[in-house]
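Visitor: Please take me through one part of this model in detail. I would like the strands and the turns that link them.

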Amino acid sequence: MTKEQFILEMNRQVKLVRTEYGLTQEAMARALGLSKKTLVEIEKGRSSLGWMGAVAFSSIFSASQVLSGVFGGEAEDMVLALAFEDLRPVYPKTMGGRVWWRTVETHGEYKIQQNIISQHYRALDGRDGRVCSSFDPERVRTAVLACLEGSPTKKNQEEAL
């Protein structure tokens, strides 16, 4: 999935999420910081949330069952994978992927998981801390192998990517 595909998917889900939350167009527009007219245009497919609006939408409505069903868990994981596609941040600890993730490889204390819905990958260390996230499994594998060759520092992880 690309940022553009994510934005399009968020645009398609606005009305469903609004209905799920029982909000009027005016209330939804206020929650998103949009005019009612802009929200109506998005719902009709004539306008777009854009990247920042899609990220805000997925964050504000992170408890949405509609969005969970679309992305196979929290949309935050998808946003992080897209936002940091060519970057290497130091991620905080995760819950270990108990629901929406399947482990596809293990390398020592590291595991590579794939999201069962969105199909993107992530690597977790022995404490379930996220090492990296990408749609390219080879990038994730390379980052894990770099961590195994040395201490799992940000520098080693950046060099792997």
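Guide: Start at the turn of the E1 and E2 hairpin, where two residues lie between the strands. Gly 108 has a positive phi near 60° there. This is a predicted model: local features need pLDDT of at least 70, side-chain atom pairs count only at pLDDT 80 or more, and totals for chains, interfaces and linings use all residues. Residues are numbered from 1 along each chain as its sequence is written, and side-chain values use heavy atoms, with hydrogens and water left out.

Strands (E, at least two residues) and helices (H or I, at least four) are DSSP runs, numbered from the N terminus. Two strands pair if DSSP finds at least two bridges between them. E1 and E2 (residues 110-115) are antiparallel, with six bridges. His 107 sits opposite Tyr 110 in E2.

Next comes E3. E2 pairs with E3 over four bridges, again in the antiparallel sense. Gln 114 faces Tyr 121 of E3. Five residues separate the strands in this hairpin, and Gln 119 takes a positive phi near 70°.

E3 (residues 121-124) is covered on both faces. Tyr 121 and Ala 123 are buried on one side, Arg 122 and Leu 124 on the other. Buried means under 20% relative accessible area, exposed over 50%, and partly exposed in between (1.4 Å probe, protein chains only).

E4 (residues 130-134) is joined to E3 by four bridges, and the two run antiparallel. Leu 124 stands opposite Arg 130 in E4. Their hairpin has five residues between the strands. In that turn, Asp 128 has a positive phi of about 65°.
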